[in-house]
Amino acid sequence: MSSYTQLVNTSHPLAPDYIPRDLVAVNIPFDAPLGCSKRMLRRQAAEAAEELFDRSLSMNLSLFGISGYRSYKRQIQLNTGSPYVAPPGASEHQTGLALDVSCPAVSLELIEDFANTAEGQFLRDYAPLYGFILRYPKGKEKITGYAWEPWHIRYVTKSLALYLSLTGMTLEEYHSI
Ligand SMILES: [Zn+2]
């Protein structure tokens with residue numbers, strides 16, 4: 001079982017046969033059919049996501065899960081050379097700790113405009129309180145190797161998420177200390 005704070009990127013890929021053993025369906029609004037593996041995260045991340053979404057509901061926001069767990073095989077099918085799509089093994093979605101999120105104001109799309117919505121701003125401000133970081137921030141593209149993704153959150157535990165948000169560090173920078 002990989003750790004909650006594990007670094008996964010093109011130079012730190014997961015094994016092709018790595019499948020988290022504690023995947024569960026996340027009980028949040030999802031733009032994916034019931035039973036779809038996209039709706040799954042590791043148990044602790046799933047519980048944190050449910051608390052984060054409950055908080056957003058209490059503020060009358062409308063967040064939707066778009067994509068959680070993604071298998072190595074599925075990542076092979078998706079790998080089109082797009083700057084948003086990681087090569088197989090290098091996707092955080094294989095950890096079961098990453099979740100793409102969107103909202104109706106941007107038609108549930110994964111686009112930069114999401115950052116300007118009330119939901120996108122909520123995600124940026126509140127995700128760390130529940131153990132998630134915005135994993136691919138603006139201005140850190142050279143360090144993460146990824147384009148800015150205001151919709152992609154990664155569970156790293158509450159203490160690390162707060163530490164990273166207070167210091168402005170990426171997971172890459174944290175692991176190279
Ligand atoms: Zn993502």
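Reader: Which order do the four strands of the open sheet take?
Author: The order is β3-β4-β6-β5, with antiparallel pairing. Strands are DSSP runs of E with at least two residues, helices are runs of H or I with at least four, and both are numbered from the N terminus. Two strands pair if DSSP finds at least two bridges between them. This is a predicted model: local features need pLDDT of at least 70, side-chain atom pairs count only at pLDDT 80 or more, and totals for chains, interfaces and linings use all residues. Residues are numbered from 1 along each chain as its sequence is written, and side-chain values use heavy atoms, with hydrogens and water left out.

Reader: Which strands stand at the edges?
Author: β3 (64-67) and β5 (132-134). Each has a single partner strand, so one side of each lacks a neighbour in the sheet.

Reader: How many bridges join β3 and β4?
Author: Three, in the antiparallel sense. Gly65 sits opposite Val101 of β4.

Reader: Switching to the metal. What coordinates the zinc ion?
Author: His93 (NE2), Asp100 (OD) and His152 (ND1), at 2.1 Å. Donors here are N, O and S atoms within 2.8 Å of the metal (3.2 Å for Na, K and Ca); water is not among the atoms, so sites may look incomplete. Along the chain, the donor spacing is H-x6-D-x51-H.

Reader: Where do His93 and His152 lie?
Author: His93 is in the loop between α2 (72-78) and β4 (98-102), and His152 is in strand β6 (residues 152-155), so the pair ties together parts 59 residues apart in sequence.

Reader: Are those two histidines, His93 and His152, buried or exposed?
Author: Both His93 and His152 are buried. Buried means under 20% relative accessible area, exposed over 50%, partly exposed in between (1.4 Å probe, protein chains only).

Reader: Now the largest nonpolar core. Which residues have the most contacts inside it?
Author: Leu99, Val101, Phe114, Phe132 and Ile153, in a core of 28 residues. Such a core is a set of buried Ala, Val, Leu, Ile, Met, Phe, Trp, Tyr and Cys residues joined through side-chain atoms within 4.5 Å.

Reader: Which element gives the most to this core?
Author: α1, with six residues.

Reader: Last one: where is Thr157 found?
Author: Thr157 is in the loop between β6 and α5 (158-167). Thr157 is buried, at 18% relative accessible area. Leaving aside neighbours within four places in sequence, Thr157 is in contact (heavy atoms within 4.5 Å) with Tyr4 and Gly131.
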